[in-house]
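User: I would like to go through a structure with you, starting with its charged side chains. Please bring it up.

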Amino acid sequence: MQRRALLFLLVQFTVVSASTCATESTSYQQMMLDDTICFRLFHRVQGQEIFLRLVAKHDGWLGFGLAEQGSGHMKGADIVTAQVTNGNVMAQDRYVPFAAWDGTSYTGLYAAEDVVNDWTILEGYRIDGEMVVVLKRLLNTNDPQDRPVIPGSQRIIWAWGSGNTVSYHGNRGATIATFVAGTSVLDVPTGGGNGVTGSWQFKFDGFPLPPSRTTYACQSFSVPTDRKRHVVGFRPLIDKTAHVHHYVLHICDAAPTYHAAHERSRECIGGGGSQCGGFMWSWAKGQGDFWLPDAAGFAVGQ
């Protein structure tokens, strides 16, 4: 199979009103977990270690975890909680033991502290109203109370709470993160054993944000069809993280009229007759890269 990675192809996206969360340029991959407190996760794989940077406008504790991969649930998760209190930085390695379902809830569901704390605190501080904690650990600690960080997409969970004691929390969520080696969010695996031979990058041409709270916009792009290739991965490149809520990548089947009308970005809300009903990929806030298994790919071209 001729493998080719697609960096960014955006056809339809939704914008919402701006938040007050700052954006920053960094060598970490980054994702917004909860914009109500500007809770951001920055992660980077380097060698046999993973580095995490947890940032939020918050005075209590923050939690990040590798979920139970089958369900994405907290039950069976591997969690780290962190906080900065009176200049002191704390990080606690936790795991969630089995909890029985009683028909209404999981009885006794809680995050217990590990026997061995495998996380190392690199730094922690408060600045400009934000709490920042930087941690690292081995990808595979061989600790029975930990889950290994596996290159590729993994289900993760997050939470935050007030005070200095980790307890029940209503502020929580689950999503998917993609852990890849490299120090730059622009590093794309090419060549070598993975068989990826190149990439394409497509971006909106500068859609002006209207005053409405929610807006749908579309733009069409063409990919080379001179020979058969396979799309094996997607990476979101988002300049305005405060505005973009989600986007959807459609496949348009021989639709020259529709393509010509959308070569520049414009407002839209999926109309009939566009011949763009095929679906390839979607992204929403909190998600990162998406890579298909080695034996899979979306065929494009002849």
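User: How many salt bridges does the structure hold?

Analyst: The structure holds 6 salt bridges, a salt bridge being a side-chain nitrogen of Lys or Arg within 4 Å of a carboxyl oxygen of Asp or Glu. Please note that this is a predicted model, in which local features need pLDDT of at least 70, side-chain atom pairs count only at pLDDT 80 or more, and totals for chains, interfaces and linings use all residues. Residues are numbered from 1 along each chain as its sequence is written, and side-chain values use heavy atoms, with hydrogens and water left out.

User: Which residue meets Glu130 in a salt bridge?

Analyst: Arg40 does, with N to O at 2.6 Å. The pair links distant parts of the chain, with Glu130 in strand β13 (residues 130-138) and Arg40 in strand β4 (residues 39-46), 90 residues apart. Strands here are DSSP runs of E with at least two residues, helices are runs of H or I with at least four, and both are numbered from the N terminus.

User: Is Arg40 buried or exposed?

Analyst: Arg40 counts as buried because its relative accessibility is 4%. Buried means under 20% relative accessible area, exposed over 50%, and partly exposed in between, using a 1.4 Å probe and protein chains only. Glu130 is also buried, at 12%.

User: And which residue forms a salt bridge with Lys136?

Analyst: The partner is Glu49, with the closest N and O atoms 3.4 Å apart. Lys136 is partly exposed at 22% relative accessibility, and Glu49 is partly exposed at 24%.

User: What about Arg137, which residue does it bridge to?

Analyst: Arg137 bridges to Asp78, and their closest N and O atoms are 2.9 Å apart. Arg137 belongs to strand β13 and Asp78 to strand β7 (residues 78-85), 59 residues apart. Arg137 is buried, with a relative accessible area of 3%, and Asp78 is buried at 4%.

User: Changing topic: how many aromatic pairs are there?

Analyst: The count comes to 6 aromatic pairs. Rings of Phe, Tyr and Trp (its six-membered ring) pair if their centres lie within 6.5 Å; planes under 30 degrees apart count as stacked, over 60 as edge-to-face and the rest as tilted. One of them joins Phe39 and Trp158, whose centres are 6.2 Å apart and whose planes stand at 90°, so the pair is edge-to-face. Phe39 is in strand β4 and Trp158 in strand β14 (residues 152-161), 119 residues apart in sequence.

User: Which rings are linked into a cluster?

Analyst: Ring pairs link Phe234, Tyr247, Trp281, Trp283 and Phe298. Tyr247 and Trp281 are both buried.

User: Where does the charged end of Arg44 sit?

Analyst: The charged end of Arg44 sits over the ring of Phe51, 5.3 Å from its centre. For this, NZ of Lys or CZ of Arg must be within 6 Å of the ring centre and within 35 degrees of the ring normal. Arg53 lies over the face of Phe42, at 4.8 Å from the ring centre.

User: Finally, how many helices and strands does the protein chain have?

Analyst: The protein chain has 1 helix and 24 strands. Of its 302 residues, 44% are buried.
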